[in-house]
Amino acid sequence: MTDTFPAYLISKTESGQATELTNITSDDLMDGDVTVKVEYSTLNYKDGLAMTGKAPVVRRFPLVPGIDFAGSVVSSDHPRFKQGDRVVLNGFGVGEVHSGGYAGMARVKGDWLVALPKGFSARQAMAVGTAGYTAMLCVMALEQHGLTPDSGELLVTGAAGGVGSVAVSLLSRLGFQVTGSSGRASQRDYLIGLGAHEVIDRSEFNGKVRPLAKERWAGAVDVAGGNTLANVLSQIRYGGAVAACGLAESMDLPASVAPFILRGVTLYGIDSVMASIEKRQQAWDRLATDLDLDQLEKMIVEVPFEELPAAAQAILEGKVRGRTVVKIPS
Ligand code: NDP
């Protein structure tokens, strides 16, 4: 195949890296046993870091960014996939060390692909994207811990962001009473619309961390890390749990062991990038049944392909609400 298609390409420069919108051919793609016509991709926080070069997310050059894509198989040497199959990809180093979703075509290992669950369009799958699939992994961790709606109130930090929006929507649909923490008072109605019982200002979690604070939450989904996660841990009720997946505030965790050894609190680390195919399939199957697609629609902001660099800047500045999707031109 020598057809050309539009793509973002990140190249190494003397000062770091540069991102350009260009045309490439399938000869420019990396090795893999499945070639996919990409229909939709999305913008995650990590894509923002990759596109702008703000953090060394991209570790191989030249590379097509985009850690997620959904589309249909053009050709396959993989036993699980054949031409025409609808597929979705999240992570596995795609958009970091292997060319990803911001191009008309992608060539990847079939082992990294998940069959697109029935009921999801490519656009909806990308509205979920890595952020939404990670939110589902967090929900699954809290459920496996044994939390039920009777356990008490849950907290979701960074609630107006991608992971946070999907987590609020999923947990409230599952019957939990959910409080969203957000730095954007303007997003209160949006979060109540997604099912949040209450919205609190994220500054409540900025203060000095005490080893133990008043027991407030049965569990939490945390995207922030840093002081926020440390303060959240100090407020978790006896036997509760936190699913931590992000570092929107900081990579640090200035906490004490008090919540763990005096209240039996559990901290679950959530990684979506290298999660097994079985776990991914389970998460996507759960998303297909548990995510309200009307709620998902409320989270979607669609940006034109050409505007991805500006959107990448905006997500790093905390200005993006919910989930950003992008239709990939062929
Ligand atoms: P978004 O940018 O969409 O959302 C992040 C949200 O965090 C913001 O919208 C904001 O919410 C909140 N936030 C921003 N800055 C701060 C701060 N200083 N203190 C507290 N809260 C803050 O990103 P995503 O939802 O896509 O990703 C969230 C995090 O999860 C990122 O750190 C990302 O890297 C990580 N992640 C990890 C994955 C994994 O596999 N472990 C997979 C996917 C994401 P608000 O405006 O409501 O306050």
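## Ligand contacts

A polar atom in the side chain of Arg184 sits 2.7 Å from an oxygen atom of the ligand. The model is a predicted one, and the distances given here are computed from it. Ser272 also contributes through its side chain, with an N or O atom 2.7 Å from a ligand oxygen. Leu247 takes part through its backbone instead: a polar backbone atom of Leu247 is 3.0 Å from an oxygen atom of the ligand.

On its own, the ligand has 920 Å² of accessible area, and the protein covers 88% of this. Around the ligand there are 25 residues.

## Domain layout

Two domains make up the division of the protein. Domain 1 consists of two segments, 4–116 and 296–327, while domain 2 covers 129–269. Their C-alpha centres are 29 Å apart.

## Interface between the domains

How many residues of each domain are in contact with the other? Domain 1 supplies 15 and domain 2 supplies 18. The area buried between domain 1 and domain 2 is about 1,100 Å², with 57% of it on carbon and sulfur atoms.

Polar contacts link seven residue pairs between domain 1 and domain 2, counting pairs with both residues at pLDDT 80 or more. The number of salt bridges between domain 1 and domain 2 is zero. On the side of domain 1 that touches domain 2, the residues comprise four nonpolar, six polar and five charged.

Notes
Residues are numbered from 1 along each chain as its sequence is written. This is a predicted model: local features need pLDDT of at least 70, side-chain atom pairs count only at pLDDT 80 or more; totals for chains, interfaces and linings use all residues. Side-chain values use heavy atoms; hydrogens and water are left out. Domain bounds come from an automatic or database domain assignment. Contact means heavy atoms within 4.5 Å. Buried area is the accessible area (1.4 Å probe) that two parts lose on being put together, summed over both. A salt bridge is a side-chain nitrogen of Lys or Arg within 4 Å of a carboxyl oxygen of Asp or Glu. A polar contact is a pair of N or O atoms within 3.5 Å; within protein, one must be able to donate a hydrogen and the other to accept it, and residues adjacent in sequence count only if both atoms are side-chain atoms. Ala, Val, Leu, Ile, Met, Phe, Trp, Tyr, Cys and Pro count as nonpolar, Asp, Glu, Lys and Arg as charged, and the others, Gly among them, as polar. A residue is near a molecule or strand if one of its heavy atoms lies within 4 Å of it. Accessible areas come from the Shrake-Rupley method with a 1.4 Å probe; for residues, only the protein chains shown count as cover.
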